[in-house]
Amino acid sequence: MGVLSQVVLFPLAPVRGVVWVAERMRDMAEEEMCHPSVLRARLAALNEALESGAIGPEEFDREEDRLLDLLERSGGPGGRARVRTS
């Protein structure tokens, strides 16, 4: 960046800082929600919900497929860890 563009864009520096912090927080939250131990706990809770009758078999199957897919992508049993490119 040239000196002129730095001077012109200087008032936006706080906004860029807030955006950067928000992006890092989002990334951390996504990593925590997709951690294998969290996903296994969610699968256990899903099984309990099915056994107690809180959810039906169709809803269970949909959510189980979604959670197992996330577990596979997160590096859980039989899966490979995601490689971040950014």
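Visitor: Which residues in H3 meet which residues in H4?

Guide: Good place to begin! Keep in mind that this is a predicted model. On the H3 side you find Pro36, Leu39, Arg40, Arg42, Leu43, Leu46, Asn47 and Leu50. They meet Pro57, Phe60, Glu63, Glu64, Arg66, Leu67, Leu68, Leu70, Leu71 and Ser74 in H4. By class, this contact of H3 with H4 has 11 nonpolar, 2 polar and 5 charged residues.

Visitor: How many helices and strands does the protein chain have?

Guide: There are 4 helices and 0 strands. Following the sequence, you read the pattern α-α-α-α.

Visitor: What describes two packed helices?

Guide: The general idea is to give the angle between their axes and the distance between the axes. In this structure, take helix H3, residues 36-52, and helix H4, residues 57-74. Their axes come within 10 Å and cross at roughly 170°. Angles over 145 degrees count as roughly antiparallel, so H3 is roughly antiparallel to H4. As for handedness, H3 passes H4 in a left-handed crossing.

Visitor: Let me look at one residue. Is Pro36 buried or exposed?

Guide: The idea is to compare the relative accessible area with a cut-off: buried means under 20%. Pro36, which is found in helix H3, has a relative accessible area of 16%, so Pro36 is buried.

Visitor: And why does Arg42 count as partly exposed?

Guide: Partly exposed lies between the buried cut-off, under 20%, and the exposed one, over 50%. Arg42, also placed in helix H3, counts as partly exposed because its relative accessibility is 26%. Leaving out residues up to four places away in sequence, Arg42 touches Met33, Glu63, Arg66 and Leu67.

Visitor: How far apart are Arg42 and Glu64 in sequence and in space?

Guide: You can count along the chain, or you can go from C-alpha to C-alpha. For Arg42 and Glu64, that gives 22 residues in sequence and 9.2 Å in space.

Visitor: What can I say about the protein chain as a whole?

Guide: Of its 86 residues, 16% count as buried. Its accessible surface comes to about 6,800 Å², and 62% of that belongs to carbon and sulfur atoms. Finally, take the contacts between residues at least 6 apart in sequence: 42% of them join residues at least 24 apart.

Methods
Residues numbered from 1 in each chain as written. Predicted model: local features only at pLDDT ≥ 70, side-chain atom pairs only at ≥ 80, totals over all residues. Heavy atoms only, no water. Helix = DSSP H or I, 4+ residues; strand = E, 2+ residues; numbered from the N terminus. Buried < 20%, exposed > 50% of the residue type's maximum accessible area, 1.4 Å probe, protein only. Contact = heavy atoms within 4.5 Å. Areas by Shrake-Rupley, 256 points an atom, 1.4 Å probe, with all protein chains shown as cover. Axes fitted to C-alpha atoms, helices over the stretch in contact; angles between N-to-C directions. Parallel < 35°, antiparallel > 145°, perpendicular 65-115°, else oblique. Left-handed = near helix turned anticlockwise from the far one by under 90°. Nonpolar A, V, L, I, M, F, W, Y, C, P; charged D, E, K, R; others polar.
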